[in-house]
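Please keep the sequence and the model at hand while reading.

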Amino acid sequence: FPFPYTPYGIQERFMEALYGALEAGRVGIFESPTGTGKSLSLICGALSWLRDWEEKKRQEEARLLEGPSPAEPGQAGEPDWVTAFVQNKEERDKADRLKEEQIRRKKREDRLEKIRHNVQLKYAAKRKRSEEDETKRLLQLSKESLSQGAGGDVPEQLDHNEEELILAEYESDEEKKVVSGLEEDDDDLEEEHVTKIYYCSRTHSQLSQFVHEVQKSPFGKDTRLVSLGSRQNLCVNEEVRRLGTLQLINDRCMEMQKNKHEKKNDEENEGKKRRVSRAICPFYSYEQMQFLRDEVLVEVKDIEQLVTLGRETKACPYYGSRYAIPAAQLVVLPYQMLLHEPTRTAAGIKLKDQVVIIDEAHNLIDTITCIHSAEVSGAQLCCAHSQLSQYMERYRKRLKAKNLMYIKQILYLLERFVAMLGGNVNQNPGCQAVSQTGTVLKSINDFLFQSQIDNINLFKVQRYCEKSLISRKLFGFMERYGDPATAVKTNKENQKLAGLQNFLLTLQQGSDKKGTSQSPPVEAENDQLRTASPLMQIEGFLSALTNANQDGRVILNRQGTVGQSSLKFLLLNPAVHFAKVVEECRAVIIAGGTMQPVADFREQLLSRAGVDPARVVEFSCGHVIPPENILPIILCSGPSNQQLEFTYQTRDMPQMMDETGRILCNLCNVIPGGVVCFFPSYEYEKQVYTHWEKTGLLTRLATKKKIFQEPKKANQVEQVLVEYAKCIKRCSQAGGQMTGALLLSVVGGKMSEGINFSDDLGRCVIMVGMPYPNIKSPELQEKMAWLDKTMPTAAGQAPSRVLIENLCMKAVNQSIGRAIRHQKDFASILLLDHRYARPAIFNKLPQWIRERTQVKPAFGSAFAELRK
């Protein structure tokens, strides 16, 4: 197939390896540092394979439909006519299934072709929907006027809004098989999922950029592509969107669906007692979403175009796009959606015999760990208990027995969780001091036994929370009756304490205006309570506790007060959640621009997921740039012969910070454009910056480069990058003493991943020291201990030591890869620490950098190379 560039044979080798992995059904680890070209190469190669695969299937179908093949000789003691009959029956049944599938496929293709070439059909459908909406509106008005005239049997004690807060009767502990939204029969929605490619990346912006590239590719015209996203990205109902947080949007959407089904049942039983009407979503219409599904399959659309189409057609893009999954050839989605099984199931994603490509997969293990971990604070636990108690007391007489039973179980769980933190739910968490502070780690079983909740079926409680929408009802109740600032109060004493706290808070806020002090942490907690119900966070923690005992740990973090303390679930074995993906899929491709070191993927993820080593294939290729376009240097000492070793013990020394400043001053004198300098942490970057200010070195630096600092807040990153780019462009055009800009960034921060410092934005990338993770972190210590117990020693190194080095080098490789972004780009890379020259560390650099790296013991020879 046609594709733009093929330098040094990279494209051909990449495609050959990809095609082979898909054809053989392998799990591939692919490293190809070619920017957008890598992502597009992945999908073009996969789509090319998919077309060949579909053609083979059609030929096989045609062969089977031609007629039965000659019967094979019968087994011993079995007449030939019996064997022939059984064989013919199997082939007839298979042929019948193929014919049905062909009819569905032909029907779908004819419908899509008609929509593709008949513009009038689109407008006719839109006009019809407008007429139906108007008819429904008039009918609703007439019903309301009739009901007002006739009166009604409405409960006196509760008004319309409060009626919505009552939990519906919980019929069963088992999940009901309810097909939501499929009121009408339609053969198309029952069709089998065709063989397809699920393409995943990290963020919606990356996926949107990728879809635009697909639109321009040779496959853009006739590929059935569907973009999936969360309700937060796809919802077009402004009433729901205004809720802001993802959990609230999800709960409100599900509640509206439930209201629609209840309304339908009420209409069927119209002669019975009239119920109070509840809000339903006007965009959740089967016919409208069916039209949107067809529009999605006809033409490649990204998330923004899908939302626009949903508003135009008055159809829900979130559900309309899901209806398009079975017939799609390419499904584009964030990998959090694919890696979390409940989300995957809810979205209608079926992985059996499909192809999954996970791009930008360098932090795949961390992502799986984060998705399945959860944390709740003592303040959230106490607040949820208070709110749920108030809710139960108010509606006790209106709630069914099963609802009351589950609410009491949840209240008991909350009491025990707070007791494990050393507190009492009936007292204000901000005023309860914790007697024994510190961090304690427990296995899941130990935590359940010690908190005395081992007799409660957490699976049932979790399912109840999910099905009953209790967190949404509770949030609505507190919005109506609760005061978020004093939500945690269960008796008169606590009310007095809360009132005193509020009084002190107003005094504190008054002093803030004068600039004398900062607000207490209570204010931040109150903000958190205002944004969402704490029960939502607790549901996630309950779900995490259902993991197997050996796969995770519960961390009790006791600090100062109960409110500041927390319970956290840490997933230790991400492979347990990745196993189902690799088991079900035909092939899985884990790809990225910088995947080194890949040992983590093989050992922690694939091996522990039960993947046969023979099924794993690795492919790594060089960059598209020629060798002379990159100059990586490991610098062992600075201009004054100070050895560069930025350990925790030595990096705070004034001479080390001075030496770093002298290196930067020399480099800024000769390097044009932008220089990006990465520090191990925000704290160290701030410390060095303050030291340079005191010594006057910052002023010397500022004569050659304007200095920018990476902001901690995500919403300020774009502004800093724009100003940084403007400064470089202005300096290159004007000339003069100022030659560009210096950007002080942080490894693992906002600018170490996903930001393109191409061309003059990054002519030199400097890495100060080695960004090892905090080894004193309880989570990391537990992970290291778990690896040492469960993983074999490799090359004489303990698994925990390998983990530390791999985490460090993955962060380094991501950061230094920001400079080279396209075929004609060029840059120098400077690693400031003699430890990078050690073989174990050196071999974990990406191959395309490692092959060209020079180790320089002295600064003079390194500076000479950079000047050249």
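Does F477 count as buried or exposed? At 4% relative accessibility F477 counts as buried, where buried means under 20% relative accessible area, exposed over 50% and partly exposed in between, with a 1.4 Å probe and protein chains only. This is a predicted model, in which local features need pLDDT of at least 70 and side-chain atom pairs count only at pLDDT 80 or more, whereas totals for chains, interfaces and linings use all residues. Residues are numbered from 1 along each chain as its sequence is written, and side-chain values use heavy atoms, with hydrogens and water left out.

**Aromatic pairs**

- The count comes to 19 aromatic pairs, taking rings of Phe, Tyr and Trp (its six-membered ring) as paired if their centres lie within 6.5 Å, and calling planes under 30 degrees apart stacked, over 60 edge-to-face and the rest tilted.
- F30 and F619 form a tilted pair, at 5.4 Å centre to centre and with 35 degrees between the planes.
- This pair links distant parts of the chain, 589 residues apart, with F30 in strand β1 (residues 27-31) and F619 in strand β11 (residues 616-620); strands (E, at least two residues) and helices (H or I, at least four) are DSSP runs numbered from the N terminus.
- F30 is buried at a relative accessible area of 1%, and F619 is buried at 11%.
- The ring centres of Y395 and F477 are 5.8 Å apart and their planes stand at 70 degrees, so this pair is edge-to-face.
- Because Y395 lies in helix α16 (residues 378-395) and F477 in helix α20 (residues 470-481), the pair ties together parts that are 82 residues apart in sequence.
- Y395 is buried, with a relative accessible area of 1%.
- F14, F30 and F619 are linked into a cluster by ring pairs.

**Charges over rings**

- The charged end of R586 sits over the ring of W53, 4.3 Å from its centre, on the rule that NZ of Lys or CZ of Arg is within 6 Å of the ring centre and within 35 degrees of the ring normal.
- The charged end of R651 sits over the ring of Y684, 4.8 Å from the ring centre.

**Largest cavity**

- The lining of the largest cavity has 14 residues, of which C235, N237, C253, C281 and C316 lie nearest its centre; a lining residue has an atom within 4 Å of a point on a 1 Å grid over the protein atoms alone, and a cavity is a set of such points where a 1.4 Å probe fits but cannot get out.
- Helix α9 gives the most to this lining, with three residues.

Note on methods:
On a 1 Å grid over the protein atoms alone, a cavity is a set of points where a 1.4 Å probe fits but cannot get out, and a pocket is an open set with protein on both sides within 12 Å along at least five of seven lines; lining residues have an atom within 4 Å of a point.
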